[in-house]
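Here are my notes on the model you sent. They are set out as numbered points, one topic to each.

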Amino acid sequence: MTKTGATKTGTAKRTNVTARIPAETGSAENVVAKTDSAKKAVPKRTEANKAVSKKAAAKKGAGKKSSAKKGLARKTSVPSEKPTRRTVTADTEVDSPAQDGGTTAPEQTVSVSEAEVSVSEAEVSVSEAEVSASEQAPSASEQTATTPDITSTPEPGPTPEPGPTPEPGLTPPTEPTPLIPPTDAAPPTVAVSPALDATDRDRLLHGTHHAPHSVLGAHPVPGGVAFRVFRPFAVGVGVVAGQLRAELHDDGDGFFSGLVPLHGVPEYRLAVAYDGAVQEVEDAYRFLPALGDLDLHLLGEGRHEELWQALGARPMTHQGVAGTRFTVWAPNAQGVRLAGTFNFWDGTGAPLRSLGSTGVWELFMPGIGEGELYKFEITRPDGSKTMRADPMARHTEVPPATSSIVHASHYEWHDEEWLAGRTELPAHKAPFSVYELHLASWRPGLTYRQLAEQLPAYIKDLGFTHVELMPVAEHPFGGSWGYQVTGFYAPTSRLGTPDDFKFLVDALHQAGIGVLMDWVPAHFPRDDWALAEFDGRPLYEHEDPLRAAHPDWGTLEFDFGRREVRNFLVANAVYWCEEFHIDGLRVDAVASMLYLDYSREPGQWTPNEHGGRENLDAVAFLQEMNATVYRRVPGVVTIAEESTAWDGVTRATHHIGPGGFGGLGFGLKWNMGWMHDSLDYMSHEPVHRKHHHGEMTFSMVYAYSENYVLPISHDEVVHGKRSLVSKMPGDWWQQRANLRAYLAFMWAHPGKQLLFMGQEFAQGAEWSETHGPDWWLLDPAYGAEADHRGVRDLVRDLNTVYRHTPALWQLDTDPAGFQWVTGDAADDNVFAFLRYDADGSPLLAVSNFSPVVRPDYRLGIPDDIPAWHETLNTDTALYGGGDITNPDPIKPEPQPWHGRPASIRVTLPPLATVWLRPA
């Protein structure tokens with residue numbers, strides 16, 4: 001039992017009364033109320049009793065403290081002619097008799113001791129009769145750290161002078177909280193045990209505490225302020241607040257606590273001792289939540305369009321202190337802790353708090369800045385633990401390492417002119433010729449910044465309007481080409497930092513080249529450190545295993561019906577467009593999202609609420625994503641890789657189609673049907689092509705049902721499908737001739753163009769992500785270099801004429817922009833059609849896919865064109881052809897042909913396409 005002391009002037013009768021802290025105070029400890037029967041003078045000290053007694057912990061056999069821990073308690077000397085001052089230390093106390101007639105103002109030392117906070121002494125009362133004379137007046141040497149008196153009040157005195165300058169790094173409040181209650185306004189003399197109860201200790205130790213800030217940090221309690229700190233591996237912890245120094249009691253297992261007699265909670269820091277070294281740091285548990293109410297409201301509704309500003313790791317200054325706010329969505333977790341390089345990957349002492357019903361956990365970590373590695377240690381509902389990368393991480397380690405990295409962008413953009421100009425025309429009414437590439441293998445070994453030195457110049461030389469980057473978001477397996485994403489908000493670190501990637505995008509924009517990016521919201525891999533069962537239960541994936549598992553790729557499909565998951569993906573689309581200035585998103589695997597029975601057999605899927613096969617959740621998600629992106633980021637375009645006949649892929653979301661659905665809201669759609677049909681036609685020997693003639697004309701039956709892109713993508717030149725030139729029949733000369741004719745047919749066909757890297761110079765081998773294009777084919781020292789250079793020169797000229805000929809792009813989605821001249825010349829393997837611009841100016845495209853020259857081939861044309869000239873011929877010698885051309889202007893004849901009043905006669909080279917324009 002704590003003994004009461006006596007002053008020199010007389011014995012103070014004191015009664016110890018037990019009381020229980022109310023539940024709402026947040027502590028279950030006992031309260032000992034000390035009441036003086038009479039007001040006595042403040043005890044004064046003698047020189048002989050200035051020595052500090054030994055610690056109670058040593059008296060109880062608690063073990064030795066290190067020298068570093070002892071150094072935490074520091075005493076401030078008191079100048080003469082100043083009022084009584086309290087010095088608060090950790091486990092020592094001196095309560096000495098007063099000196100009569102002394103010239104120095106007496107100093108009183110108040111301790112934060114174990115006995116004052118002991119729970120075991122609760123419910124024990126001592127009557128006045130039980131207090132012996134020896135207990136009433138013990139000597140200074142008898143007093144130990146277990147006999148503090150935090151209720152005594154200093155004598156009144158003159159107004160104190162300003163104290164010493166606060167410790168460096170401390171920011172005193174504008175109106176400092178008085179550390180010592182004034183004599184005339186002393187609080188009730190009630191002391192509270194600051195030590196954590198067994199339940200809170202256990203939950204913190206096992207990572208299951210949802211509100212660590214409610215028990216850790218500084219909290220006003222009856223009798224002062226209770227400080228509680230959880231620092232595993234520390235040998236001592238002290239509180240530093242201006243001149244105040246208080247060493248906390250070691251409660252074991254890394255817990256430290258102390259009760260300091262203060263009016264209110266001051267701004268303070270912690271002095272933490274580790275094996276002889278003392279670090280003065282901020283207490284992470286003294287800060288209010290760094291996430292606002294509006295953020296939480298929007299998160300709860302699933303409508304936070306700038307989600308990356310609210311979740312993840314965000315360096316910031318909070319309450320005047322620099323640090324990083326960590327937030328993560330894990331609604332099923334029993335607890336979340338933060339582990340990283342800053343705490344040696346032991347998150348025991350860094351639990352996050354749960355912010356209400358949103359499922360969001362938050363912790364502001366002072367002193368943590370950019371470049372730190374981290375993960376979240378999540379306690380699952382079954383009590384097991386899992387270490388997870390941050391789903392919102394904006395920077396990651398280079399795979400195969402998996403940690404997230406604290407990142408803040410400092411990049412300054414220089415593409416204002418590009419951004420202002422991209423809103424002039426919508427994509428389907430503008431020239432749109434796309435070069436698709438895989439950044440990591442286009443020039444293997446180059447970083448983002450090194451690519452910025454080479455890629456823009458190469459693309460600009462070839463004349464493409466845009467590049468399309470295969471997925472840039474972080475992915476663990478390079479062989480997936482980026483289509484199995486784990487870091488949806490982080491550009492892959494294989495090539496540099498996020499700011500380095502911005503540098504590349506900026507360089508392309510300054511060269512006048514738009515940047516499209518493949519985006520993969522359909523599915524994600526099962527890696528146990530990423531999104532799969534993130535908090536111990538299905539979270540990002542659907543809870544129904546039949547809908548969660550993707551049958552083709554062994555991945556998991558997103559739960560598009562869950563508002564938080566939909567928010568995660570919609571905000572991600574906005575993120576890439578706003579933060580990285582991406583001009584468009586090509587959305588991968590849309591068909592697998594739209595149909596519940598995609599690649600599933602009967603019995604492996606469940607119909608929707610109407611009994612249909614449509615995934616209504618995915619439809620709603622795609623509509624929301626497109627509407628949000630187009631509203632927030634003018635000038636961008638979204639492109640669907642959708643291979644079915646779903647109605648209204650590029651129709652506005654508010655326009656209801658015959659199937660009862662609004663449009664999905666995409667700007668463009670890949671024409672997979674045209675690609676498959678046309679490549680199948682080209683793969684046949686010319687002698688057999690007449691039997692497949694319709695494969696080249698069928699696309700015009702549905703050409704205006706959507707806004708189309710004609711894609712020759714990476715998917716068509718891998719996995720045994722052969723490169724584009726290798727798909728062509730015949731010898732090497734014929735293969736190249738077929739390829740050239742096909743490319744010119746493609747560029748003239750209604751729709752936008754996309755060509756994968758390596759195909760622009762007729763690479764003979766399939767693409768591999770391990771070595772990229774065969775650039776050596778363009779080495780002048782290579783014997784067949786001219787053959788490959790010729791195809792590349794053709795692609796350059798196709799893009800040049802295309803850009804300067806509105807008839808080839810202005811009415812791509814309008815039937816008025818196209819007319820067949822002859823689409824039924826199957827025996828000749830000839831196709832001829834007219835393209836028109838908005839002013840009616842035409843371009844005549846004629847393709848001869850037979851290996852014979854067709855001289856004086858008659859074609860019906862409008863009679864209002866006085867003469868035509870050859871704009872492009874794929875058989876010219878410059879491109880490696882036989883140089884059979886039409887060098888002179890071609891004048892129409894009044895002979896009707898193909899249902900038109902006039903006609904012209906042209907020479908059609910073998911396996912070639914010719915473009916003619918009015919002279």
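This is a predicted model: local features need pLDDT of at least 70, side-chain atom pairs count only at pLDDT 80 or more; totals for chains, interfaces and linings use all residues.

**Helix contact, sheet and hairpin**

1. From helix 8, the residues Tyr-448, Arg-449, Leu-451, Ala-452, Leu-455 and Pro-456 meet Asp-499, Asp-500, Phe-501, Phe-503, Leu-504, Ala-507 and Leu-508 of helix 9. By class, the residues of this contact comprise 10 nonpolar and three charged, with no polar ones.

2. As for the geometry of that pair, helix 8 spans residues 448-462 and helix 9 spans residues 498-510. Their axes come within 8 Å and cross at roughly 10 degrees. Helix 8 is therefore roughly parallel to helix 9, since angles under 35 degrees count as such.

3. An open sheet is built from five strands in the order 34-35-36-40-38, with antiparallel pairing. Strand 34 (818-825) and strand 38 (868-873) lie at the edges, each pairing on one side only. From one strand to the next, the twist averages 20 degrees.

4. Within this sheet, strand 34 and strand 35 (residues 830-836) run antiparallel and are joined by five bridges. Ala-825 stands opposite Val-830 of strand 35.

5. Two helices pack on the sheet. Helix 17 (residues 732-748) touches strand 35, strand 36 (842-848), strand 38 and strand 40 (912-918). The direction of helix 17 makes about 40 degrees with that of strand 40. Helix 18 (residues 785-803) touches strand 38 and strand 40, and its direction makes about 135 degrees with that of strand 38.

6. Elsewhere there is a hairpin to inspect. Strand 10 (residues 249-252) pairs with strand 11 (residues 255-260) in the antiparallel sense, over three bridges. His-249 stands opposite Ser-257, a residue of strand 11. Two residues lie between the strands of this hairpin, and Asp-253 takes a positive phi near 60 degrees.

7. The chain contains 18 helices and 40 strands. It has 919 residues, of which 57% count as buried. Among contacts with a separation of 6 or more, 73% are between residues 24 or more positions apart. The accessible surface comes to about 35,900 Å², and carbon and sulfur atoms account for 52% of that surface.

Notes:
Residues are numbered from 1 along each chain as its sequence is written. Side-chain values use heavy atoms; hydrogens and water are left out. Two strands pair if DSSP finds at least two bridges between them. Helices (H or I, at least four residues) and strands (E, at least two) are DSSP runs, numbered from the N terminus. Axes are lines fitted to C-alpha atoms, for helices over the stretch in contact, and angles run from 0 to 180 degrees between N-to-C directions. Angles under 35 degrees count as roughly parallel, over 145 as roughly antiparallel, 65 to 115 as roughly perpendicular and the rest as oblique. Contact means heavy atoms within 4.5 Å. Ala, Val, Leu, Ile, Met, Phe, Trp, Tyr, Cys and Pro count as nonpolar, Asp, Glu, Lys and Arg as charged, and the others, Gly among them, as polar. Buried means under 20% relative accessible area, exposed over 50%, partly exposed in between (1.4 Å probe, protein chains only). Accessible areas come from the Shrake-Rupley method with a 1.4 Å probe; for residues, only the protein chains shown count as cover.
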